[in-house]
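Come and look along with me.

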Amino acid sequence: MPSEPARDDPEAAAARLRAAMEMSETGVEMMRQTIRRNNPGLSEREIEARVRIWLLDRPGAPYGDAVGRPATWPRRPE
């Protein structure tokens, strides 16, 4: 079994980032195809609008992935 690259190796980090970006792009394209297949009468503009809505939707995490209450940044003293 080959050894895992060191976590601080810039080339390995770059490869992981490239892989994550490719997976993200693939996921968006899969959703685009799903919308197109489920809604054959939509124009390309309408499909892209639905893809944007899907990308912005956060079911279960409307303010992001962190616990707690939304806050402004930079934080203001209370």
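Entry one. I began with Arg-36 and found that its side chain forms a salt bridge with Glu-44, the closest N and O atoms being 2.8 Å apart. I kept in mind that this is a predicted model. Next I looked up how open each partner is. Arg-36 has 25% relative accessibility and counts as partly exposed. Glu-44 is partly exposed as well, at 47%.

Entry two. How many salt bridges does the structure hold? I noted three, so I went looking for the others, with the cut-off of 4 Å between nitrogen and oxygen in mind.

Entry three. I found Glu-29 and Arg-32 joined by a salt bridge, 2.7 Å from N to O. Both sit in helix α1, which covers residues 10–38, and they are three residues apart, about one turn of the helix.

Is Arg-32 buried or exposed? I wrote down buried, because its relative accessible area is 16% and the cut-off for buried is under 20%. Glu-29, at 34% relative accessibility, counts as partly exposed.

Which residues are linked in a network of salt bridges? I put down Glu-29, Arg-32 and Glu-48.

Technical notes: Residues numbered from 1 in each chain as written. Predicted model: local features only at pLDDT ≥ 70, side-chain atom pairs only at ≥ 80, totals over all residues. Heavy atoms only, no water. Helix = DSSP H or I, 4+ residues; strand = E, 2+ residues; numbered from the N terminus. Buried < 20%, exposed > 50% of the residue type's maximum accessible area, 1.4 Å probe, protein only.
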